[in-house]
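Welcome, and thanks for taking a look. Please have the sequence and the model side by side as you read.

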Amino acid sequence: MSTETLVRPDSTTDESTSDDTPKFFHYVKKEKIAESAVMGTYVVALCGEVFPVTRSAKPGSPVCPECKKVYEMMKKD
């Protein structure tokens with residue numbers, strides 16, 4: 001069984017910049033993204049951060065270093 005991940009934002013205020021743009025975007029399970037965006041349910045990022053999906057990442061957006069580290073470890077398996 002394989003799990004795909006996509007980059008999704010963390011919109012908590014502690015990681016936001018002054019213009020309400022998230023500082024980092026996190027990796028979360030692909031199948032949970034739409035549910036979170038529509039229903040407002042929370043997702044759990046690979047780094048353990050818990051948040052509702054409110055924004056989508058654009059190419060070149062900054063990625064959470066912890067999520068990236070975990071994702072790279074998962075790809076090696």
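Here is a short tour of a few residues and their surroundings. This is a predicted model, in which local features need pLDDT of at least 70, side-chain atom pairs count only at pLDDT 80 or more, and totals for chains, interfaces and linings use all residues. Residues are numbered from 1 along each chain as its sequence is written, and side-chain values use heavy atoms, with hydrogens and water left out.

- Ser36 sits in helix α1, residues 30-39 (helices are DSSP runs of H or I with at least four residues, strands are runs of E with at least two, numbered from the N terminus).
- Ser36 counts as buried because its relative accessibility is 1% (buried is under 20% relative accessible area, exposed over 50%, partly exposed in between, with a 1.4 Å probe and protein chains only).
- From Ser36, the side chain reaches the backbone nitrogen of Val53 at 2.7 Å.
- Beyond its neighbours within four places in sequence, Ser36 is in contact with Thr41, Val43, Pro52 and Val53 (contact means heavy atoms within 4.5 Å).

**Tyr42 at the surface**

- Tyr42 belongs to strand β3, residues 42-44.
- With a relative accessible area of 58%, Tyr42 is exposed.
- Together, Tyr42, Val44 and Val50 make a nonpolar surface patch of about 320 Å² (patch residues have over 30% relative accessible area and no salt bridge; like charges are joined within 9 Å, nonpolar side chains within 5 Å).

**Lys29 and Val43**

- Lys29 is part of strand β2, residues 25-29, and is partly exposed at a relative accessible area of 43%.
- Lys29 and Val43 are 14 residues apart along the chain, with their C-alpha atoms separated by 8.0 Å.

How values were computed. Polar contact = N/O pair within 3.5 Å; in protein donor to acceptor, adjacent residues only side chain to side chain. Areas by Shrake-Rupley, 256 points an atom, 1.4 Å probe, with all protein chains shown as cover. Salt bridge = Lys/Arg side-chain N within 4 Å of Asp/Glu carboxyl O.
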